[in-house]
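Please look over the sequence and the model before reading on.

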Amino acid sequence: MSTTSTASAPAPAPRPPTSTTSESQSLFGEEVESVLVENSQQQGTKRRTTSDVWNHFKKKNIDGKVKAQCNYCGRLMAGASTSGTTHLKLHIAKSCPSAPREASLSREGTDIRKQVLVKQHNRTRSKGISSPSVFNEEDQKASRRDLARMVILHEYPLAIVDHVGFRDFVGGLRSNFKIVGRNTLKRDIKKIYNEKKQKTMVEIDKNASKVAITTDLWTANNSKRSFMVITTHYISDSWTLESRVIRFIRMPSPHDKFSLSKILLECLADWNIDLKLSAITVDNASNNDGMMKLISDKLQASSLILGGKLLHVRCAAHILNLVVQEGLNVIGDGIEKVRSSVYFWSQSPKRTEIFEKISRQSHIASTKELVLDCRTRWNSTYLMLSTALIYKDVFPRLLCCEPQYQSAPTNRDWEVAQIVCEKLGYFHKVTELLSGTAYPTANHYFPSVFQLKMELNQWLSSEDELVKKMAAKMLAKFDKYWSDVHDIMSLAIVLDPRYKLMLLTFFFNKMYGSKANEEIDKVKNLLFELFAEYVIENIDRGVNYSQALSSTSTSSTTHEHDDTMRDYDLFVSNATTNIGQRGREIISEFELYTSEKVAPRAEQFDVLGWWKHNGSKYPTLQRIARDILAIPMTTVASESAFSTSGRLLSPHRSRLHHDTLEALMCGQNWLWSELKGVPIDATIQNVLDDYEENEVEESHAMELSD
């Protein structure tokens, strides 16, 4: 700002240069010049040497140093003329907890803080620098979007915008940002949801492969509201396995086959998936069986793989749970004393202390805690027994420590527990594979599931009668459900270039003996049928060998030549449709694939990468592999959404409208999916994930499939 003076007025004494201390720095780390105020009422006076900020401070001499004491909060700050006044203005405008609003206004009614920011902006603009101090309407919109995105990603409560600490924190970082209310935040969240939904719909619609579906039901404990989650699975054009939650729907009662099928069919039509659907994976509930029959009748059979033969996929993790439960039912009370002992010594903190003390005296190195099982979840029983066995020698000593404890397990009880742990150890490993959050492609399951079958066959030869009884029951249940997952697992393993038909032959010889060739031929015929269907689809789409050749021909090709090549396409189509019957009479793409040497059996083999780079050699098989390998063998992807929804629908958020809850659920999935491609840890993080950097905890939480 300029000042005025008369010609007769003596020249003012030169003002000493001001130096800035750490207190006179702006929020952006650069020195801010003090704002000089013009005295417009007194013409001919000297340049003002006193800022209006001194209306809010008093100068005091303390220990020989000039200090400025705030009139409102009493804080002492640097007050010498060499210290400037910017830090004083910022204190009144921002930091002082007791200053009234009008105190931050200068004599001209201008906000002191705005004076500083404008001055800073003018300096940086004159240097050609984009100043961070300028905060316009577009910045406000961007910050609101960042806030909504943060709440979606990390499951913060919508009420965070009302928290005093959060408001103070944001104000300290960017004081010009206007914190919004919960309703505005909700609108911003839904805006992001709608944008990401449209983007995801376009992504799935444009993707060339078929789409598989998993779905499951969940009921919130605190509100008793039920929800249905629908998750899509497909292999993208860049050959990565993708998974997207597309609906998280409120499901009022009844949860019968009619209600379930209606919602699922509406979702498929809304997302334009009904004509590119490959399979639907569900658990073994009876209402799901009815739902799948209704859906199969409604969908166009011509759009489904093999007319819908592969449409209904039963969750392999649930099948495994049913198989093992049959074996545990045979044991019955054989492990009851172990269970009651675990319950007794984990019931109270005092008993836990006694148990830990005796464990140390017994020189037990493990620090694992006893964990009581859930009777309907077999792997929790396995974990309970495996931990209890570590402390087998501790329980007898506890009889002397607690008169009420009278049910120590006998030697036979421990023998049974040992047998169960040994036999179910491999089942537990397979369950971890089936229940993992990595969602492996379908080819990963075949070796593990067949090994389970081999294990059960060996149990039948055991000398222990209990093991024999367990094996007989479990095998009967395994055989009952095996046919439900047999086809897709077999197709997927043949499409793994490390195995092709070799592993199928190897396992079938062990499983079926003299009938192995008959079972192998069934899989081959299924593959021939599938191959023929995809060849016909290629011709219907105009994607065929003759068209590929014609793309390189000259533009002078005559109509007669086109007609001739169309006849040739028909000839190829007719020949290929008979592959199932005449497969050994012609050389086909499939026969070429299976006759070549298998790829090395590397553990980290990238099956999708292999098919991506071998599409020119096996174009039809590549399309088949892309659709089949994406079919999930479990509903874990949908069930994992419920672990998130359990936090979202906590008692504090149980009154959220179901539309808001769906926006949070789906929005979080879509946002984290976008972050997979950036160099950060894209693990879903939430407010419950707090931990100390050096904290080490042994978690015995049981993530189980039932």
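The sections below describe the sheets and then the helix contacts.

## Basis of the report

The model described here is predicted.

An open sheet is built from three strands in the order 1-2-3, with antiparallel pairing. Its edges are strand 1 (57-62) and strand 3 (76-78), each of which pairs on one side only. On average, neighbouring strands of this sheet are turned by 40° against each other, direction ignored.

Six bridges join strand 1 to strand 2 (residues 65-70) in the antiparallel sense.

Strand 5 (residues 226-235) pairs with strand 6 in the antiparallel sense over nine bridges. Within the sheet, Met-228 stands opposite Ile-249 of strand 6.

## Helix 11 against helix 13

Helix 11 (residues 378-390) and helix 13 (residues 411-434) have axes that come within 9 Å and cross at roughly 130°. Helix 11 is therefore oblique to helix 13. The crossing of these two helices is left-handed.

On the side of helix 11, the contact is made by Trp-378, Asn-379, Tyr-382, Leu-383, Leu-385, Ser-386, Ala-388 and Leu-389. Helix 13 contributes residues including Trp-414, Ala-417, Val-420, Leu-424, Gly-425, Phe-427 and His-428. The residues of this contact divide into 12 nonpolar, six polar and no charged.

## Helix 14 against helix 16

Helix 14 (residues 445-459) packs with helix 16 (residues 502-512) at an angle of about 15°, their axes lying 11 Å apart. The two helices are therefore roughly parallel to each other, and their crossing is left-handed.

From helix 14, Phe-446, Pro-447, Phe-450, Gln-451, Lys-453 and Met-454 take part in the contact. They meet Leu-503, Leu-504, Phe-507, Phe-508, Lys-510 and Met-511 of helix 16. The residues of this contact comprise nine nonpolar, one polar and two charged.

Key:
Residues are numbered from 1 along each chain as its sequence is written. This is a predicted model: local features need pLDDT of at least 70, side-chain atom pairs count only at pLDDT 80 or more; totals for chains, interfaces and linings use all residues. Side-chain values use heavy atoms; hydrogens and water are left out. Two strands pair if DSSP finds at least two bridges between them. Helices (H or I, at least four residues) and strands (E, at least two) are DSSP runs, numbered from the N terminus. Axes are lines fitted to C-alpha atoms, for helices over the stretch in contact, and angles run from 0 to 180 degrees between N-to-C directions. Angles under 35 degrees count as roughly parallel, over 145 as roughly antiparallel, 65 to 115 as roughly perpendicular and the rest as oblique. A crossing is left-handed if the near helix is turned anticlockwise from the far one by less than a right angle, and right-handed if clockwise. Contact means heavy atoms within 4.5 Å. Ala, Val, Leu, Ile, Met, Phe, Trp, Tyr, Cys and Pro count as nonpolar, Asp, Glu, Lys and Arg as charged, and the others, Gly among them, as polar.
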